[in-house]
Structure formats: structure tokens, C-alpha cells
Amino acid sequence: AKTGIRNFYNYPNPFPSSTQFAFLLTGSEIPEQLHIKIYTVAGRLIRQIDVTSGNLQLGFNRVFWDGLDTEGDRIGNGYYFIKCVVQAASGTDEIIQKILKLE
């Protein structure tokens, strides 16, 4: 079965400083890579979190984000788009969510 991502959400949401992304990985193989990309509403990529297969499992997964951008600065209040991309031998799947930072 093709590897896929389902039920992607973050908590807490809205989040004050850091948050956790939770999701289900479906299919019959653990993906080689998973990327969580955080964008401003204007579409600028401000952070990418790369998760390798050794840190993933089929079923429930959780990934922590410290709320910092690529430069290590705390992001401002507001909405952000999260794009989660999973790459496996059986193909690629992605999901996009909107989250709110409110401190």
C-alpha cells in the first residue's frame, strides 16, 4: 500500500512559543524522508524540519518545533502554513495546514 499522511495537526493551536505536529503515517512502509515546511502567509519558507526514517513509524508520529525560523529567531504572531511532505519508494504524499502563533 502506498505510504500516506493523515490527520495532520498541531497542538497546542494556537501555540504561544513552541508546538508539536502530530500525524498518522499509513501504508506498508516507513517513508525514507518526511519534511515539515513552515511558510508565512505570503509564501516565504521560514523553516524546514527534516525527519529521517529512523525517527518515523507507521501509525502515530509526533514532531516538536521550537517556534524558531531558520536564523534561530522567534517568529511573530499570526497565521502560518505548514506543508508536510512524505517521500517513500511507493510515492509522495503531502498535506497543508494553517496554524496560528499567538503569544
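Is Glu103 buried or exposed, going by its relative accessibility? At 59% relative accessibility, Glu103 counts as exposed, where exposed means over 50% relative accessible area, buried under 20% and partly exposed in between (1.4 Å probe, protein chains only).

This is a predicted model, in which local features need pLDDT of at least 70 and side-chain atom pairs count only at pLDDT 80 or more, while totals for chains, interfaces and linings use all residues. Residues are numbered from 1 along each chain as its sequence is written, and side-chain values use heavy atoms, with hydrogens and water left out.

**View A. Glu103 pairs with Lys101 in a salt bridge.** A salt bridge is a side-chain nitrogen of Lys or Arg within 4 Å of a carboxyl oxygen of Asp or Glu. Here the closest N and O atoms are 3.0 Å apart. Lys101 is buried, with 1% relative accessible area. The structure holds four salt bridges.

**View B. Asp93 meets Arg6 in a salt bridge.** The N to O distance is 3.1 Å. Asp93 sits in strand E7 (residues 91–101) and Arg6 in strand E1 (residues 4–11), so this pair ties together parts that are 87 residues apart in sequence. Strands (E, at least two residues) are DSSP runs, numbered from the N terminus. Asp93 is buried at 16% relative accessibility, whereas Arg6 is partly exposed at 41%.

**View C. Lys83 meets Glu94 in a salt bridge.** Their side chains come to 3.9 Å, N to O. Lys83 belongs to strand E6 (residues 78–88) and Glu94 to strand E7, so the pair links parts eleven residues apart in sequence. Lys83 is partly exposed at 23%, and Glu94 is partly exposed at 42%.

Notes:
Helices (H or I, at least four residues) and strands (E, at least two) are DSSP runs, numbered from the N terminus.
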